[in-house]
Amino acid sequence: MDVVATLASQRAVVIFSKSTCCMSHAIKRLFYEQGVSPAVVEIDQNMYGKDIEWALARLGCSPTVPAVFVGGKFVGTANTVMTLHLNGSLKRLLKEAGALWL
């Protein structure tokens with residue numbers, strides 16, 4: 001879990017993803033369209049990918065990707081992120097983390 005915590009704290013927004021996952025693609029696109037430039041960790045292309053996926057599962061990520069961290073804190077997977085976006089809470093979280101200035 002230390003690897004996940006370390007990676008998640010390096011940028012305002014970090015998305016753990018798999019390059020072949022359509023939901024990961026949709027979540028990354030959502031952030032790009034908001035004007036956010038997240039750090040993206042493609043766990044299927046990372047040498048520690050299996051360890052990262054195991055750590056995400058232990059955090060309660062089901063499915064394990066996409067897993068979104070804002071301000072170093074776990075926000076959730078695709079369903080949670082979409083809910084936050086639709087109710088307007090995501091933008092507030094992004095502003096508080098310094099990922100969005102508008």
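Val41 is buried, with a relative accessible area of 11% (buried means under 20% relative accessible area, exposed over 50%, partly exposed in between, using a 1.4 Å probe and protein chains only). Val41 sits in strand E2, residues 39-42; helices (H or I, at least four residues) and strands (E, at least two) are DSSP runs, numbered from the N terminus. The model is predicted: local features need pLDDT of at least 70, side-chain atom pairs count only at pLDDT 80 or more, and totals for chains, interfaces and linings use all residues. Residues are numbered from 1 along each chain as its sequence is written, and side-chain values use heavy atoms, with hydrogens and water left out.

**Surroundings of Val41**

- Not counting residues up to four places away in sequence, Val41 touches Leu7, Val14, Ile15, Phe16, Ser17, Asn46 and Ile52; contact means heavy atoms within 4.5 Å.
- Phe16, one of these neighbours, is 25 residues from Val41 along the chain, and the two C-alpha atoms are separated by 4.8 Å.

**Packing of H2 with H4**

- Two packed helices are described by the angle between their axes and the distance between the axes.
- Helix H2 (residues 22-33) packs against helix H4 (residues 78-87) at an angle of about 30°, and their axes are 10 Å apart. Axes are lines fitted to C-alpha atoms, for helices over the stretch in contact, and angles run from 0 to 180 degrees between N-to-C directions.
- H2 is therefore roughly parallel to H4; angles under 35 degrees count as roughly parallel, over 145 as roughly antiparallel, 65 to 115 as roughly perpendicular and the rest as oblique.
- The crossing of H2 and H4 is left-handed, a term used if the near helix is turned anticlockwise from the far one by less than a right angle, with right-handed used if clockwise.
- On the H2 side the contact uses Met23, Ile27, Leu30 and Phe31, which meet Ala78, Val81, Met82 and His85 of H4.
- The residues of this H2 and H4 contact comprise seven nonpolar, one polar and no charged. Ala, Val, Leu, Ile, Met, Phe, Trp, Tyr, Cys and Pro count as nonpolar, Asp, Glu, Lys and Arg as charged, and the others, Gly among them, as polar.

**Packing of H4 with H5**

- H4 also packs with helix H5 (residues 89-97), at an angle of about 95° and with axes 5 Å apart.
- That angle makes H4 roughly perpendicular to H5.
- Val81, Leu84, His85 and Asn87 of H4 make the contact with Ser89, Leu90 and Leu93 of H5.
- The residues of the H4 and H5 contact divide into four nonpolar, three polar and no charged.

- Ala26 belongs to helix H2 and is partly exposed, with a relative accessible area of 37%.
- The C-alpha atoms of Ala26 and Ala78 are separated by 8.6 Å, although the residues are 52 apart along the chain.
- Tyr32 lies in helix H2 too and is partly exposed at a relative accessible area of 47%.
- Tyr32 touches Pro38 and Val40, with residues up to four places away in sequence not counted.
- Ser37 is in the loop between H2 and E2 and counts as exposed, at 53% relative accessibility.
- From C-alpha to C-alpha, Ser37 and Lys91 are 14 Å apart in space, and they are 54 residues apart in sequence.

**Cysteines**

- A search of the whole structure finds zero disulfides, where a disulfide is a pair of cysteine sulfur atoms within 2.5 Å.
- Cys22 is in no disulfide, and the nearest cysteine sulfur, that of Cys21, is 5.5 Å away. Cys22 is exposed, with a relative accessible area of 60%.
- The closest cysteine sulfur to that of Cys61 is in Cys21, 12 Å away, which is too far for a bond. Cys61 is buried, with a relative accessible area of 3%.

**Cis peptide bonds**

- Most residues other than glycine have a negative phi, and most peptide bonds are trans.
- Ser62 and Pro63 are joined by a cis peptide bond, with omega about 0°. Pro63 lies in the loop between helix H3 (49-59) and strand E3 (67-70).
- Val65 and Pro66 are joined by a cis peptide bond, with omega about -5°. Pro66 is found in the loop between H3 and E3.
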